[in-house]
Amino acid sequence: MRLGFSALMLALACAAACAPTQLQSDSRRAELSRRIADDAVAFNEAYIQAMTGQLLLNVLRARDRLPTQYLAMSAIQYAPTVTQRQSLTLGNVELGDINSPFGLGSASFGRDMQLQPSFNLGPYSAHDIGGIIFEPEGADVFGEYWNAGWPREALLLLMADRIARIDRRAGAEPEIHEFVNDAGDFQDDCAEGLVNDGCAYVREVRALTGALRGQSPDRRTDMGGVCGMAAAYHPTRARPAATPAAACDRAARIIVGDSEYVIFLRSLDDIVFYLGELARTQSADGYAAPVTVAAAGLSSARVPLFRVVEGEQDGRFAASVVYDGRRYSAGPAVSRSCAASATAGDCVADAAHGDRSSLVIALLMQLLLRNQSDASVPPPPTVFIGRN
């Protein structure tokens, strides 16, 4: 009887020591949840830094007229290995005398998780590079950004290679005016009086976006199914005139009254070379585009469309990369909304406080990701659980 009672006491003590309490279980579950959440955020940061750094690197290469190269990077996946460990140590137990002291030793329980992130890097295939890097963006893509509230002046400067404006007047032949977006012609912010193709384009874009400021597309007119239609504003006819089949493939269309703007779009690589051309002008504020757009959070001020700064910088940037042994960054974080400019603080009307470069980097990043091939999407992560 004494032996049975002692064995029972031993079993009960062992069970109490070995079985984790509900509190311990909840604590481990919360710790694992936090770890997974922290890892997901860290992977997100690592992925976007790698991709935006690659884009800025190619802009700098284009600035120096060097070959560009794009690497396909798969999403970062992880296969954490979770190992549980348990141990029980028993001391001397005198089972012959129930009144004798006995020690039950100790028990321990633990869990280790080893995280092994992995990803793949490699050149795009010939098929993918044609569709992702060199294929002009479609009218539907441009229309999404145009109607989603992105700064229209910046969109037309970045995404359009040229614009054909077709003016239709009753009883007269259509008049066609073409404007070419040539960054090599930009100088002195394209002030009035500069005669070249690039500045003529900039002034046309400013006139168009200025006339449409604060206006939303006309939803009452039936424009459904019209080839390449991005938006219509007070159209004079219910259906626009037919567009040649070649223009339907990639060009976007905007109707304003009795004028039609046919927008011939660029590819991602075209935009990169365009930015490289803009980044050749060096000033006290870094390599800044010689053409301006409305400043972030302060529409009454104007700042360079794109700006690259050299050297180690304080604060967060949309893109940062080491090129030719030197650090370059673009797109400082801008979080402000100002009713008027100020002489100090966040509302200063200068390039450093209203920089639009982060918008440019964001657009490039989204254009790259939205065209990403299925091969870049990894299978879901797997968790391996072992016990020792």
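**Close-up views of the predicted model**

View 1. Arg65 lies in the loop between H2 and strand S1 (71–73), in a model that is predicted. The phi angle of Arg65 is near 60 degrees, which is a positive value in a residue other than glycine. With a relative accessibility of 62%, above the 50% cut-off, Arg65 counts as exposed.

**View 2. Gln49 of helix H2 and Ala319.** Gln49 belongs to helix H2 (residues 22–63), and its relative accessibility of 51% means that Gln49 counts as exposed. Although Gln49 and Ala319 are 270 residues apart along the chain, their C-alpha atoms are separated by 6.6 Å.

**View 3. The aromatic pair of Phe186 and Tyr274.** This pair is one of four aromatic pairs that the structure holds. The ring centres of Phe186 and Tyr274 are 6.3 Å apart and the ring planes stand at 85 degrees, so the pair is edge-to-face. Because Phe186 lies in the loop between strand S8 (175–180) and helix H6 (197–212), while Tyr274 lies in helix H8 (residues 268–278), the pair ties together parts that are 88 residues apart in sequence. Both Phe186 and Tyr274 are buried. The ring of Tyr274 also has the charged end of Arg266 over it, 4.0 Å from the ring centre.

**View 4. Asp188 in the loop between S8 and H6.** Asp188 is found in the loop between S8 and H6, and its phi angle is near 50 degrees, again a positive value in a residue other than glycine. Asp188 has a relative accessible area of 60% and is therefore exposed, whereas Phe186 is buried.

**View 5. The packing of helices H5 and H8.** Helix H5 (residues 152–159) packs with H8 at an angle of about 100 degrees, and the two axes are 9 Å apart. H5 and H8 are therefore roughly perpendicular to each other. From H5, the residues that make the contact are Leu157, Leu158 and Met159, and from H8 they are Ile271, Tyr274 and Leu275.

**View 6. Phe142 in the largest nonpolar core.** The largest nonpolar core has 73 residues, among which Phe142 and Leu305 touch the most other members. If residues up to four places away in sequence are not counted, Phe142 touches Leu155, Leu156, Met159, Ala230, Ala252, Ile254, Ile263 and Leu265. A second, separate core has five residues, including Ala295, Leu298, Ala301 and Val303.

**View 7. Arg63 over the ring of Tyr287.** Arg63 lies over the face of Tyr287, at a distance of 4.7 Å from the ring centre.

Methods. Residues are numbered from 1 along each chain as its sequence is written. This is a predicted model: local features need pLDDT of at least 70, side-chain atom pairs count only at pLDDT 80 or more; totals for chains, interfaces and linings use all residues. Side-chain values use heavy atoms; hydrogens and water are left out. A nonpolar core is a set of buried Ala, Val, Leu, Ile, Met, Phe, Trp, Tyr and Cys residues joined through side-chain atoms within 4.5 Å. Buried means under 20% relative accessible area, exposed over 50%, partly exposed in between (1.4 Å probe, protein chains only). Contact means heavy atoms within 4.5 Å. Rings of Phe, Tyr and Trp (its six-membered ring) pair if their centres lie within 6.5 Å; planes under 30 degrees apart count as stacked, over 60 as edge-to-face and the rest as tilted. Helices (H or I, at least four residues) and strands (E, at least two) are DSSP runs, numbered from the N terminus. A charge sits over a ring if NZ of Lys or CZ of Arg is within 6 Å of the ring centre and within 35 degrees of the ring normal. Axes are lines fitted to C-alpha atoms, for helices over the stretch in contact, and angles run from 0 to 180 degrees between N-to-C directions. Angles under 35 degrees count as roughly parallel, over 145 as roughly antiparallel, 65 to 115 as roughly perpendicular and the rest as oblique.
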